[in-house]
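Subject: Structure handover

Hello,

Here is the structure I promised to pass on. Please open it next to this email and follow along.

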Amino acid sequence: LELRCEQGTASAEFSLLVHETVLPATHALHCVHWFWPMPENLTNDDPPDWWSERHWELIENSGRRLRRYGDDTIFTPLAGGREPLIRVSRDRAGDYRFDYSRFDRWVQTFLRLGFDTFAGRHILGMGREVWVADKKTGKVGPLLEKPNDREAWLRFLPIFYRDLHRHLEAEGWTDRYLQHQYDEPKDADLYQRLAASARESMPGVRTIDAVNSRPESFSPLVDVHVFNLITLLKNAELADRRRAKGRAVWLYHCTSPYPPYPNRHLDRPLSECRLWPWICYRWRAEGFLYWAANLYRGADEYRTSIGPFPNGSQDPGHPPGDAWFYYRGPDGLRPSMRIVAFRSGMIDHTLLTMLAEKDRALAETLALEIVPEATRYQTDPATYHAARRRILSALDRR
């Protein structure tokens, strides 16, 4: 390598070691960073109109980045908001109709980008955001007369679920679809009602939720239990019982855990971003979830590292970088250094999984060297590079 400038020339030798191992098209670890498709969250230019061709272009460009950096599951809006993905109307007889044209374009776009799974947005709370076009009056108004009328929403939910299920079956997407219900649930009776509604109205569709409070109560009611790290450590036997029954165990983090546990905030060592897929391997999580690929909530991510809460408060606000892993550019989302490091961890995890098929003892040894305990782990990047070389060398000898 030779560098020239006015002051002179400098040169250095380098070599490339090419390994025989080829990565598969899809990583061994399922992954989703929740994607928020509001036009203003996709570009730092003037945001386009909702669902305009320019908006779809930004969605596709951003989705391509998400896929490139490890995601195979896409967080999918449903019927909530003034510009929903699934539009709701009521005919003259009072029956509800659902328009899936935008939903179908969404699914087809992300399938084309290489995504495998679609995770529908949380059902709880969506009711107060659903707007209905009434064919009889010609007006558009809220579904619920009282925004917090939970019972009215729970009566409407099976109608929506049954129609969505019919559409998923018709398109052959049932196996690709996951349904979020209630994020980090606290009310066990309510969660049981939601789970029963999904099970009865959408047979064959799996549910998924992050659960950390009273996991013994909630875990039996969800198909994909997403643990946070501390809850998983405290409930290892529960996770093992799930695995024995063929039920999924995923992992997530967000504002917590706090030091000495690892996180992926801007003020943490960059290697902690690479660490999390190793943590997933170490504690046998088959998927990883994060709540905010691009949820800025009005913050300028180029000027601040603190993301506001929903009420706009930045005192204290979310920890540095917690609300985003991508930065807005003119033509969609741009990857951060943190997500680049995370992708290196995703590659490590896939190679480690391949190695385990050949030499499980060595794979386990390497995982223990990187993360011997949840509060004791490697932060020196050279350690990760050395582990990668050892994995590749072992795979080359197969």
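Below are notes on one helix, some aromatic rings and a helix pair. Please keep in mind that this is a predicted model.

Helix 2

Start with helix 2, residues 101–112. It has 12 residues and spans 17 Å from first C-alpha to last. That is close to the 16 Å expected at 1.5 Å a residue. Its buried residues are Arg 102, Phe 103, Asp 104, Trp 106, Val 107, Thr 109 and Phe 110. What covers them? Just after helix 2, look at Gly 114, where phi is positive at about 105°.

Aromatic rings

The count of aromatic pairs comes to 24. Take Tyr 96 and Phe 156 as one of them. Their ring centres are 4.9 Å apart and their planes stand at 80°, so this pair is edge-to-face; the cut-off for that class is over 60 degrees. The pair joins distant parts of the chain: Tyr 96 belongs to strand 6 (residues 96–99), Phe 156 to helix 3, and 60 residues separate them. Is Phe 156 buried or exposed? It is buried, because its relative accessible area is 6% and the limit is under 20%.

Compare Trp 106 and Phe 110. Their rings form a tilted pair, 4.8 Å centre to centre with 45° between the planes. Both residues lie in helix 2, four residues apart, or about one turn of the helix. In an α-helix there are 3.6 residues a turn, so residues three or four places apart point the same way. Both Trp 106 and Phe 110 are buried.

There is also a cluster. Ring pairs link Tyr 96, Phe 98, Trp 153, Phe 156, Phe 160 and Tyr 161.

Now go to Phe 325. Arg 264 lies over the face of this ring, 4.1 Å from the ring centre. The charged end of Arg 338 also sits over the ring of Phe 325, at 4.1 Å from its centre.

Helices 10 and 11

Last, the helix pair. How do helix 10 (residues 360–370) and helix 11 (residues 381–396) cross? Their axes come within 11 Å and cross at roughly 175°. Helix 10 and helix 11 are therefore roughly antiparallel, since the angle is over 145 degrees. On the helix 10 side, the residues that meet helix 11 are Leu 362, Leu 366, Glu 369 and Ile 370. Their counterparts in helix 11 are Thr 383, Tyr 384, Ala 387, Arg 390, Ile 391 and Ala 394.

Best wishes

Definitions and conventions. Residues numbered from 1 in each chain as written. Predicted model: local features only at pLDDT ≥ 70, side-chain atom pairs only at ≥ 80, totals over all residues. Heavy atoms only, no water. Helix = DSSP H or I, 4+ residues; strand = E, 2+ residues; numbered from the N terminus. Expected span 1.5 Å × (residues − 1). Buried < 20%, exposed > 50% of the residue type's maximum accessible area, 1.4 Å probe, protein only. Phe/Tyr/Trp six-rings, centres within 6.5 Å; stacked < 30°, edge-to-face > 60°. Lys NZ or Arg CZ within 6 Å of the ring centre and 35° of its normal. Axes fitted to C-alpha atoms, helices over the stretch in contact; angles between N-to-C directions. Parallel < 35°, antiparallel > 145°, perpendicular 65-115°, else oblique. Contact = heavy atoms within 4.5 Å.
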